[in-house]
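User: I am new to this structure and would like to learn how to read its features one at a time. Could you take me through them slowly?

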Amino acid sequence: MAIQEAKSGRFIDNLGKVYALYTLGFLVFFAFMALLEKMGMGAQAIGIGFLMFTIAIYAVIGWLSRTAEVDAYYVAGREVPALYNGMATAADWMSGASFVALAGGVYFGGYPYLGYIVGWTGGYVLVNSLMAPYLRKFGCYTVPDFVGTRYGGNVARLCAVIILVVASFTYVTAQINATGTIAAQTLGIPFEFGVWLGLIGIFICSMLGGMRGVTWTQVAQYIVLIIAYLVPIIWMSNKQGFGIIPHFSYGEAVHRIAELEAQYGLKPALEAIPGVSVLVNPANAPEGKGWAMVSLAICMMAGTASLPHILMRYFTTPSVRSARRSVGWSLLFIFLLYFSAPALATLTKLQLLDPNLPTSVIGKAFEEVSNLEWVKHWSSVGMLAVADQNGDGIVQLNEFFMRPDIVVLATPEIAGLPYVISGLVAAGGLAAAMSTADGLLLAIANALSHDLYYKMIDPKADTRRRLIVARVLLLFIGAAAALVASLKLTGILGAVAWAFDFACSGLFFPLVLGIWWKRANTEGAIAGMVAGFVSGSLYLYLVFNKIMTPWFGLDDVRFGIVGMTVSLVAMVVVTLMTRAPSKEIQDMVDEVRIPSGKTILAAGH
């Protein structure tokens with residue numbers, strides 16, 4: 001034990017050197033692959049090289065972080081410095097949806113999709129001001145752990161576990177979907193096989209080391225994903241004449257796209273093709289879409305502050321102060337990608353639309369476009385289609401079909417960049433999807449093993465049995481998620497939005513009021529969780545299946561507003577109609593809001 005602690009301490013003390021060497025090593029590998037491409041290495045070999053190299057690194061980190069200690073497995077020993085917890089949180093947050101699908105959403109959806117960026121970034125203000133420092137002071141292992149202790153009784157704990165599992169499982173299927181998409185296009189294998197390959201990589205990172213292994217892997221994954229996201233944007237921007245920092249200069253590109261959209265006309269396809277889309281929404285037309293963006297942002301903000309796998313990251317810091325500082329670092333690292341996503345969507349769209357650029361496809365001969373290598377590549381895996389539906393031999397805007405999820409992955413090929421950039425982007429996308437899937441699977445397994453098994457079924461279980469249960473659950477949940485992902489029930493971004501709505505419908509107000517309203521009691525919390533979650537889910541079912549017309553434009557990705565409203569009303573009314581919590585509980589709530597002092601729960605509880 002003493003040796004293990006000493007080793008851990010030395011690692012913590014040298015984090016700067018370790019990750020600086022790791023970053024340098026990755027850049028050297030990138031340069032080596034670029035050299036091999038110059039010497040004639042094929043595209044598929046380069047893609048495989050990137051995926052194998054990065055997964056091998058993550059596997060080594062996961063193996064070195066293996067542990068048999070409860071504190072290390074559940075909360076990384078509560079020793080992660082704020083800076084590195086910020087990077088790990090950003091990687092946990094930067095899911096396949098953010099990396100792979102967000103720019104595609106902005107590309108096809110235009111202005112309202114900025115609601116995702118505003119909501120996901122703004123949600124961290126809520127996390128910092130309302131949640132993270134106080135949950136860290138509480139000293140819990142999981143979010144249901146807080147609910148079960150704050151409100152007392154196993155019924156409240158069980159309600160929180162059910163909501164956590166539904167929200168996290170919905171989210172993790174989207175991440176495994178993203179890993180399948182990347183593996184399929186890089187390795188040239190069917191999507192269904194890619195899903196299971198991605199799952200194996202995720203298990204390598206999380207099985208042995210729990211939160212400790214996931215934390216140090218996520219820091220490494222953040223470094224890969226942010227390099228992979230920024231390099232093609234900077235390269236493409238420089239080629240188009242917008243400089244190496246396009247974030248402040250691509251306004252002219254937006255105006256040019258608006259001109260081209262007016263010239264070509266944004267019309268639906270004459271005949272829809274399943275699984276792919278054509279451009280029908282203008283790039284920058286806020287008129288009449290304000291409520292769509294605001295309502296989406298509200299759901300994403302509250303969902304951010306309710307998602308258990310994100311809140312769990314702040315349980316790993318050494319102190320309350322560190323938890324607060326790590327929220328600030330998280331925001332900075334997340335901002336770097338979210339600030340870049342609209343630029344990437346804009347520059348990629350211009351590459352395809354502007355006839356002054358050699359990469360444009362709209363207005364060119366159908367035969368010429370169909371024979372482009374990147375068009376043939378993506379068409380072969382069913383993610384792109386060009387169909388001459390009006391028979392004039394020219395590609396019109398509504399005859400070019402693309403799956404929104406591939407915009408980022410296909411950008412290097414669309415822009416005519418060296419294939420080594422495509423391999424880099426694939427490695428970044430895989431890092432983003434794997435890091436979030438690791439966190440989500442761990443959140444589900446920890447809640448079931450700690451809150452359901454240890455706290456409710458077998459309180460006398462020893463450490464070894466608890467960790468075995470957690471690892472076995474991880475295997476079963478991961479396999480179930482891969483099975484669901486392989487069915488392609490919905491797109492990546494849609495599934496992620498549902499996860500946020502589930503989380504905020506059931507958990508947002510019980511968590512916030514549990515910290516800030518000491519009068520809140522058990523009956524009120526149970527009513528808030530059950531009423532919010534059930535009403536939100538019912539609304540989703542009715543709207544998604546077109547059984548009812550959406551209220552106030554709240555479609556299936558915005559049902560969280562309905563769930564949260566019902567949750568708040570039910571919790572307040574039931575709380576005021578029932579007995580106040582004991583003085584001991586109310587004193588505990590007062591103590592949680594004091595930044596200094598000991599944590600509420602003892603270690604190893």
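Analyst: What follows is a walk from the overall fold to single residues, and please keep in mind throughout that this is a predicted model.

User: How many helices and strands make up the secondary structure of the protein, and what does the radius of gyration say about it?

Analyst: The secondary structure consists of 25 helices and two strands. The radius of gyration is 24 Å, close to the 25 Å that the globule rule gives for 605 residues, so the protein is as compact as a globular protein of that length. Along the principal axes, the C-alpha atoms fill a box of roughly 75 × 60 × 40 Å, and buried residues account for 58% of the 605 residues.

User: Which residues form a nonpolar patch on the surface, and which helix gives the largest share of the patch?

Analyst: The patch is formed by Ile234, Ile244, Ile245, Phe248, Trp329, Leu332, Phe335, Leu336 and Phe339, which together have about 850 Å² of accessible area. Helix H15, spanning residues 320-338, supplies the largest share, with four residues. Phe335 lies in this helix, H15, and its relative accessible area of 39% makes it partly exposed.

User: How many aromatic pairs does the structure hold, and how should I read the pair of Tyr171 and Phe500?

Analyst: There are 24 aromatic pairs in the structure. For Tyr171 and Phe500, the distance is 5.7 Å centre to centre and the angle between the planes is 55°, which is a tilted arrangement. Because Tyr171 lies in helix H9 (residues 154-187) and Phe500 in helix H22 (residues 492-516), the pair ties together parts that are 329 residues apart in sequence. Both partners are buried, Tyr171 with a relative accessible area of 1% and Phe500 with one of 0%.

User: What kind of aromatic pair do Phe508 and Phe509 form?

Analyst: Phe508 and Phe509 form an edge-to-face pair, with 5.0 Å centre to centre and 75° between the planes. The cut-off for buried is under 20% relative accessible area, so Phe508 counts as buried at 9%, and Phe509 counts as buried at 18%.

User: Which residues form one aromatic cluster, and where do charged ends sit over rings?

Analyst: Tyr116, Trp120, Tyr171, Tyr338 and Phe500 form one aromatic cluster. As for charges over rings, the charged end of Lys349 sits over the ring of Tyr107, 5.0 Å from its centre, while that of Arg466 sits over the ring of Tyr454, 3.7 Å from its centre.

User: Finally, where is Leu372 placed, and what distance separates its C-alpha atom from that of Gly209?

Analyst: Leu372 is in the loop between helix H17 (366-370) and helix H18 (373-380), where it is partly exposed, with a relative accessible area of 29%. The C-alpha atoms of Leu372 and Gly209 are separated by 45 Å, and these residues are 163 residues apart along the chain.

Definitions and conventions:
Residues numbered from 1 in each chain as written. Predicted model: local features only at pLDDT ≥ 70, side-chain atom pairs only at ≥ 80, totals over all residues. Heavy atoms only, no water. Patch = residues over 30% accessible without salt bridge, like charges linked within 9 Å, V, L, I, M, F, W, Y side chains within 5 Å. Areas by Shrake-Rupley, 256 points an atom, 1.4 Å probe, with all protein chains shown as cover. Salt bridge = Lys/Arg side-chain N within 4 Å of Asp/Glu carboxyl O. Buried < 20%, exposed > 50% of the residue type's maximum accessible area, 1.4 Å probe, protein only. Phe/Tyr/Trp six-rings, centres within 6.5 Å; stacked < 30°, edge-to-face > 60°. Lys NZ or Arg CZ within 6 Å of the ring centre and 35° of its normal. Rg over C-alpha atoms; globule rule 2.2 N^0.38 Å.
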